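Please consult the sequence and the model together while reading.

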Amino acid sequence: MLDKTYGPREVEAKLYPEWESSGAFANNVQSNAAPFTIMMPPPNVTGSLHMGHAFNMTLQDVLTRFNRRRGRDALWQPGTDHAGIATQMVVERELAKDGIKRQDLGRDGFLEKVWDWKAQSGGAITSQLRRLGATPNWARERFTMDEGLSRAVVKVFVQLHREGLIYRDKRLVNWDPKLRTSVSDLEVEQKETKGHLWHFRYPIEGEEGRFIVVATTRPETMLGDTAVAVHPDDERYKDLVGKNAVLPLVGRRIPIVADEYSDPEKGSGAVKITPAHDFNDFEVGRRHDLPLINILDEEARLNDQVPEAYRGLDRYEARKRVVADLEALGLVEKIEDHVHAVPHGDRGGVPIEPYLTEQWYLKAEVLAKPAIESVEQGRTVLLPKMAESIFFEWMRNIQPWCISRQLWWGHQIPAWYGPDNAIFVEESEAEAKAAAENHYGEPVELRRETDVLDTWFSSALWPFSTLGWPDQTPELHRYYPGDVLVTGFDIIFFWVARMMMMGLHFMGEVPFRTVYFHSLVRDEKGQKMSKSKGNVIDPLELVDRYGADALRMTLVSLAAGRDIKLGPQQVEGYRNFATKLWNAARFCEMNECRPVPGYDPAANTLTLNRWIVGEVAKTAEKAAAALEGFRFSEAAQVLYQFTWAGFCDWYLEFAKPVFSGPDSDEEAEAAKAETRATTAWALEQILNLLNPIMPFETEELWRHLADRGDATLVTQPWPDYPAGLVDPQAAAEMDWVIRLISAVRTIRSEMNVPPAAELAATLRGASAETRRRLDTHGALIRRLARLASIDVSEAEPAKGSAQAVIDEATLVLPLAGIIDLDKERARLTKEIEKNASEAEKIDRKLGNAQFLEKAPDEVVEEQRERRAEAQAAIERLREALARVAG
């Protein structure tokens, strides 16, 4: 007998190791089945499971389980990313506890420590994914720094360099002064900061007493100014274009140039140009051939390019000194309070500097063209469709990709420098030495490039490097290109686009046919989760409290294309669903409903049973179509509604009188046997259909229903139903019964009819078919609607009756004497007025341009949802009032 309550912790701990050790998650390269490939976005080896991971991995797992059970040879390729900066910081912090710096160990010694840490502590997230129920082929787990992937990285770098697509250049990068490395845009957070806007007067050369005023949030950078820019159409400055200003504190003559970057409507309309310390200024500098003067060192201290008084100062100390010195010279026109976004490194936590340095770059614009074409031609489909415009906008304006990082942990760039700094890019040091000897005519000492590659470079190769490339493996031929990639919008450029570029360049084909971009998981108020806000929800805590299935079902149900608002109460709601399913299985067990060998659902004779098998078939078809179309929430809701309402609330209630029928009656016994077999079959189908989303509980119940031997539900074929299971006549008849009972229940609820009151209902205008249905199901309707009687009558309804239309007939429920009708009408009217007032208040808000401009998107969306809820309540209450009008 099943336990009274479902214990998810015990079931999950038992089932997952069984699945994994049985090889249930494995793909088979020798299989004749059509392959299904899905590449796991490799989580950082330093990471732990957060709600974004849980959401992303659950969707992937649902697709994998669904396709595996549909007969596809499914490969969900797992692995972890070496996460250059993150991992290096973790290990450095560990060493710091013992007072050790990485420089004390040297590069090789430090890397040994990193590998030691990875072996002992890295990859904890993979065990957490197991807690969630994820079923990738763990036997194929890869790591972006393992030998095979490292070989792929080196080969790609060397080939792209030989093709002229990788090169060295001096450009601005995002520089983290704490970590002393360049970082990608993805590793930069914009933080709103209270600061100032300083307006400085720059003297005009040769025109004593005349100044041009510029405004800046970073006064220290003015020491590196090489121009002032004004808009070409700005009449105020037309006579100054071509002249020079004199840079205060430095004395350098800098030209005044005309450039559309300057906005005449903003500030004074004149902007200082510091090409070595601002990305926009860098482009202005290129257009006007301005010198690039770098005034900072790697730690953001002022260097020897500035006057001696400022050398060696920290950037913020230099800021104070520059402002004070300009004030002393009378060159500060005004200082305004100013709130602005300041870029910070997400790892180092300090403000990022645009920094001029020599780095390795990839000509992304060349590789972007085939990727753009693949989406234009539909070879890769981006879902939702709006992702295409975001993709095209970025790809068509793509900039060179800075691929080098000043770290020790990562793929060391395969480049060596000769005595005169000639560069030799080869796959090994021996090949580099041979190339150098050929170049110089004799053996020479070479110096290895110390930089490593951006983490995104190696993960861009993930779809084919994990399959064995550059070797032409059977896996590569079978599982590339992949079917689908599931990921977030936040890495559309940093990972998705780069995988497409690399896949097309090296494999000649897109890496995946569909990319499904999911939304962001926010807290229940719609705010982004962050440690600083204290609103982070730990998915493993929810798993501990409610079970993995409840969390999975919640996430899939909410995957509807817009950002998810998640709170524990939603997971609790789906825990209740799991309880409902468990209780239904117990009810079936207590009523001796067990799978019957050879049971044919098409052979049922009872309308009730013909109806439920048809509902199962329709539900399966809708759920499969929704999953095929990546409509995850629709699939979950279809299954939820059928299980909770169709099966538990209706079918099992309809079946109770059959189960309690007389034992001695032959006809009743046959009805019992058919209904028991049908109930067991329907429950088994529900477990089958829910299994990709709720794998643990469904597996446990499936095993309990019958003796399965060593079989597991995770490897069973997806249900395939014979044609003709849907009986339209049975469906129409039972639908009528449900609508009639529901109409009575709705009236009872809306009109506050006491639960114990048994009403005498009548049907007016009933057709012959309705009369027949009433004769057949009258007892059932009376019991479930709590009616004293239900008859057909053409008499005029008594005063104070509530009415509802059911097809051609009118349901009449006399309420006079049972409730105070005047009081109920007054209550309903008051409720309508209250909701109308709420809707009007929200309308005023949404019609206020200031509110729409200032309020966050999630607040506006919440107001719209509340408006829709109020309107729905008004319509519902008006319908209730209409039923008892007069």
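## Basis of the model

The model is predicted, so local features need pLDDT of at least 70 and side-chain atom pairs count only at pLDDT 80 or more, while totals for chains, interfaces and linings use all residues. Residues are numbered from 1 along each chain as its sequence is written, and side-chain values use heavy atoms, with hydrogens and water left out.

## Overall form

The protein contains 27 helices and 29 strands; these are DSSP runs numbered from the N terminus, helices being H or I of at least four residues and strands E of at least two. Along the principal axes, its C-alpha atoms fill a box of roughly 110 × 65 × 55 Å.

Of the 886 residues, 54% count as buried (under 20% relative accessible area; exposed is over 50% and partly exposed in between, with a 1.4 Å probe and protein chains only). Among contacts (heavy atoms within 4.5 Å) between residues at least 6 apart in sequence, 77% join residues at least 24 apart.

## The α21 and α22 pair

Helix α21 (residues 666-690) packs with helix α22 (residues 695-705) at an angle of about 150°, and their axes are 9 Å apart. Axes are lines fitted to C-alpha atoms, for helices over the stretch in contact, and angles run from 0 to 180 degrees between N-to-C directions. The angle therefore makes α21 roughly antiparallel to α22, a term for angles over 145 degrees.

From α21, the residues A680, L683, E684, L687, N688 and L690 meet T698, L701, W702 and L705 of α22. By class, this contact has seven nonpolar, two polar and one charged residues; Ala, Val, Leu, Ile, Met, Phe, Trp, Tyr, Cys and Pro count as nonpolar, Asp, Glu, Lys and Arg as charged, and the others, Gly among them, as polar.

## Backbone features

Most residues other than glycine have a negative phi, and most peptide bonds are trans. A cis bond joins L383 and P384, with omega about -5°; P384 lies in the loop between β15 (381-383) and α10 (386-395). The bond from W469 to P470 is also cis, with omega near 15°, and P470 is in the loop between α13 (462-465) and α14 (474-479).

R180, which is not a glycine, has a positive phi of about 55°. R180 lies in the loop between β5 (166-176) and β6 (181-183) and counts as partly exposed because its relative accessibility is 33%.

Conventions:
Angles under 35 degrees count as roughly parallel, over 145 as roughly antiparallel, 65 to 115 as roughly perpendicular and the rest as oblique.
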